[in-house]
Amino acid sequence: MFKFLRGLFTEAPIVTVPKIENELIRTFEKNIEYYKNNTCPHCQFQYPEEIKRKRKCKNCSNEIFREYIESTKERVLLKGEEFKKFKLIEEEINLIKWIQKECEYFNIDFKNVENLSKERKLKIQDIFWGELNKVSIELFSKRKFGKYSLLRRMMVIFLKKENRIEKGLFLVFESLFLELNGCDDNLNKQFDLQLSHILDVDLGHLSLIEEKINLDVDDMKSKFISHCKPLFMKGMIYNSEEAWELINSRLNPMG
Ligand SMILES: [Zn+2]
């Protein structure tokens with residue numbers, strides 16, 4: 001059941017949070033100065049007052065963008081193409097910070113993720129993905145189905161952030177199937193009807209994937225059933241067919 005988890009590597013430079021934050025500051029050093037001196041980044045026209053928002057330069061009529069560097073609380077004035085680059089680096093920083101936070105929640109050593117990334121010359125994101133798969137296997141074998149389900153959902157959110165949510169179809173299936181069965185970390189009562197529910201966030205992810213890979217309802221149904229059948233275990237409330245009917249009635253309430 002873990003065969004779909006391998007080989008999701010992407011190509012991009014290897015970075016860590018402080019490194020990438022330094023890169024942001026270094027790349028836009030002169031733009032920090034432009035802001036401090038109220039200077040147009042295109043024509044170097046100097047304004048008498050602070051440039052408070054995005055505007056057209058009254059001297060050269062080019063667009064001036066204003067942005068904020070969170071780590072140093074400095075502002076920058078940017079040209080259009082610099083603005084795009086700034087946003088890309090900022091996005092990467094936010095993703096790595098998010099990874100750091102999720103590592104903490106799932107007891108993954110972020111320092112180790114960083115070190116492995118340097119050692120193996122792979123992106124933090126890819127090492128993180130590998131660690132998530134390890135933790136998945138561990139949680140499942142320890143029958144911590146509650147946390148396992150949360151982890152599967154978080155993995156889908158990660159794929160979404162990386163613009164490849166379509167790879168998360170089976171992960172969404174697992175979250176839905178386990179939570180419909182009221183999964184719990186309690187080893188004495190692992191499935192509880194009172195905990196049974198379907199979350200809108202999972203349905204939303206499913207719809208997004210459905211759209212992206214052009215899956216019709218019958219395809220989805222057969223994929224769901226064949227993936228979840230082997231996951232059916234003692235104490236569960238719904239088998240994969242029954243679970244699918246419930247999910248489908250939420251996805252397509254008109255029938
Ligand atoms: Zn100008």
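Because the model is predicted, local features need pLDDT of at least 70 and side-chain atom pairs count only at pLDDT 80 or more, while totals for chains, interfaces and linings use all residues.

**Stop 1: the domains.** Select 17-89 for domain 1, then 144-255 for domain 2; these bounds come from an automatic or database domain assignment. Their centres, taken over C-alpha atoms, are 45 Å apart.

**Stop 2: H4 and H5.** Now pick residues 110-120 (helix H4) and 124-141 (helix H5). Helices here are DSSP runs (H or I, at least four residues), numbered from the N terminus. The two axes come within 9 Å and cross at roughly 120°; axes are lines fitted to C-alpha atoms over the stretch in contact, with angles running from 0 to 180 degrees between N-to-C directions. So H4 is oblique to H5 (under 35 degrees is roughly parallel, over 145 roughly antiparallel, 65 to 115 roughly perpendicular, and the rest oblique). Show side chains for Val 113, Glu 114, Leu 116 and Ser 117 of H4, which meet Ile 124, Ile 127, Phe 128 and Glu 131 of H5; contact means C-beta atoms, placed from the backbone, within 7 Å.

**Stop 3: H9 and H10.** Move on to 217-228 (H9) and 240-251 (H10), whose axes lie 9 Å apart at an angle of about 140°. That makes this pair, H9 and H10, oblique. On H9, display Val 217, Lys 221, Phe 224, Ile 225 and Cys 228; on H10, Ser 240, Glu 241, Ala 243, Trp 244 and Asn 248.

Technical notes: Residues are numbered from 1 along each chain as its sequence is written. Helices (H or I, at least four residues) and strands (E, at least two) are DSSP runs, numbered from the N terminus. Two residues are in contact if their C-beta atoms, placed from the backbone, lie within 7 Å.
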